[in-house]
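Got the model open and ready to turn? Let's take a walk through it together, one stop at a time.

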Amino acid sequence: MFRSWLSRVELPSAAVADGRAIYAVGDIHGRLDLITELLTKIADDAGQHPEDRERRLIFLGDYIDRGMQSRGVVETLLSKPWSGFGSTFLMGNHEEGMLDFLRGRSDGSAWLSYGGVETLLSYGVAVRRLPPDGSATRELREALRQAVPVAHVDFLSSCVLSHTEGDYVFVHAGVRPGRTMEQQTRDDLLWIREDFLRARLPLPGKVVVHGHTICEVPQDLGYRIDIDTGAFASGRLTSLVIRGKTRRFLNTGAPC
């Protein structure tokens, strides 16, 4: 069952340190307009809580692809247009896809088919179809290398796989049930879906906050919270807000 969009839920078993405010942001996917709007809402919300001693923004990955403003999103995140917040940037499977293509680890066919074309266009690289052969792939890769600033590649490469705050673990896709965080693989943290979504308690003792799997409204099941609300298509970008033992949601667009 979905929890109320604006409700403040008391959960004695899950908390972050007193005085610490966490704002986790779901999959942005090239929607510069939405992240700009959401950051304004987050700043306004934080301004209503002068009791905060520390605040942190945690971005769950998938900054690029699908939407048409991937370059602008990366530039915005790099510039950190917020004050009074620490920040953590998680790696998403879409960032991994782009980096693998740039580094020659893949031919890019999968990445281009699930949103990479839009990212190429945002960096000014013209592409009309998937590369038909190895020569065309190398040409496209070189064009992207020339177009993407080194600072953008360094930023995407520096993104981490997980982050822990109190009783919460933040990852992009989810975790492999039955394994500790130390036993999780990169592939699972970036790509897992069904095995994680079916598990009743995927990571005992922790609430897993994730994106990667689109839901119409944020899905809070107690033991995991999905905040990927399909921003690129829905216009709804979501942030989970945690203070002490309470949590609630902020979002762009109309509340559900």
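Is Ser83 buried or exposed? Ser83 counts as exposed, because its relative accessibility is 63% and the cut-off for exposed is over 50%. Keep in mind that this is a predicted model, so every value here is computed from it. You'll find Ser83 in the loop between α2 and β4. If you jump 135 residues along the sequence from Ser83, you get to Pro218, and the two C-alpha atoms are 26 Å apart in space.

Strand β3 (residues 54-59) and strand β4 (residues 86-89) run parallel to each other, joined over 4 bridges. If you want one spot to look at, find Ile58: its bridge partner in β4 is Thr88. To get from β3 to β4 the chain passes through helix α2 (residues 70-79), and this β-α-β crossover is right-handed.

On the way from β3 to α2 there is a loop, and Asp65 lies in it. Here's something to look out for: most residues other than glycine have a negative phi. Asp65 is not a glycine, yet its phi is positive, near 75 degrees. Asp65 also counts as buried, because its relative accessibility is 0%.

Now look for helix α1, which covers residues 32-47 and includes Leu32. Leu32 is partly exposed, since its relative accessible area of 21% falls between the cut-offs of 20% and 50%. Which residues does Leu32 touch, once we leave aside its neighbours within four places in sequence? They are Gln69, Gly72, Val73 and Thr76.

Next stop, helix α5 (residues 134-147), which is where Thr137 lies. Thr137 counts as buried because its relative accessibility is 10%, and buried means under 20%. Not counting residues up to four places away in sequence, Thr137 touches Phe101, Asp107 and Pro131.

Pro131 turns up again in the lining of the largest pocket, among residues that also include Arg128, Arg129, Ala136, Glu139 and Leu140. How much space lies in the largest pocket? About 210 Å³. Sorted by class, its lining has 7 nonpolar and 3 charged residues, with no polar ones.

Time for a sheet. This one is open, has 5 strands in the order β5-β6-β7-β9-β8, and its pairing is mixed. Why do β5 (162-165) and β8 (219-220) each have one side left without a neighbour in the sheet? Both stand at the edges with a single partner strand, so there is nothing in the sheet next to that side.

β5 runs antiparallel to strand β6 (residues 168-171), and 4 bridges join them. In that pairing, Thr164 stands opposite Val169. The hairpin of β5 and β6 has 2 residues between the strands, and Gly166 there takes a positive phi near 55 degrees.

Elsewhere in the sheet, strand β7 (residues 207-210) and strand β9 (residues 224-226) pair in the parallel sense over 3 bridges. There, Val209 has Ile225 of β9 as its bridge partner. Look also at His212, in the loop between β7 and β8. His212 is not a glycine, but it has a positive phi of about 75 degrees. His212 is buried, as its relative accessible area is 9%.

We finish with another hairpin. Strand β10 (residues 238-243) and β11 run antiparallel, joined by 6 bridges, and Arg243 stands opposite Thr246 in β11. Between the strands there are 2 residues, and Gly244 takes a positive phi near 55 degrees in this hairpin. How many of the residues of β11 (residues 246-251) are buried? The count is 6 of 6. Both faces are covered, with Thr246, Arg248 and Leu250 on one side and Arg247, Phe249 and Asn251 on the other.

Key: Residues are numbered from 1 along each chain as its sequence is written. This is a predicted model: local features need pLDDT of at least 70, side-chain atom pairs count only at pLDDT 80 or more; totals for chains, interfaces and linings use all residues. Side-chain values use heavy atoms; hydrogens and water are left out. On a 1 Å grid over the protein atoms alone, a cavity is a set of points where a 1.4 Å probe fits but cannot get out, and a pocket is an open set with protein on both sides within 12 Å along at least five of seven lines; lining residues have an atom within 4 Å of a point. Grid points are joined across faces, edges and corners, and a volume is the space filled by probe spheres set on the points. Ala, Val, Leu, Ile, Met, Phe, Trp, Tyr, Cys and Pro count as nonpolar, Asp, Glu, Lys and Arg as charged, and the others, Gly among them, as polar. Two strands pair if DSSP finds at least two bridges between them. Buried means under 20% relative accessible area, exposed over 50%, partly exposed in between (1.4 Å probe, protein chains only). Contact means heavy atoms within 4.5 Å. A crossover is right-handed if, with the strands pointing away from the viewer, the path from the first strand over the helix to the second runs clockwise.
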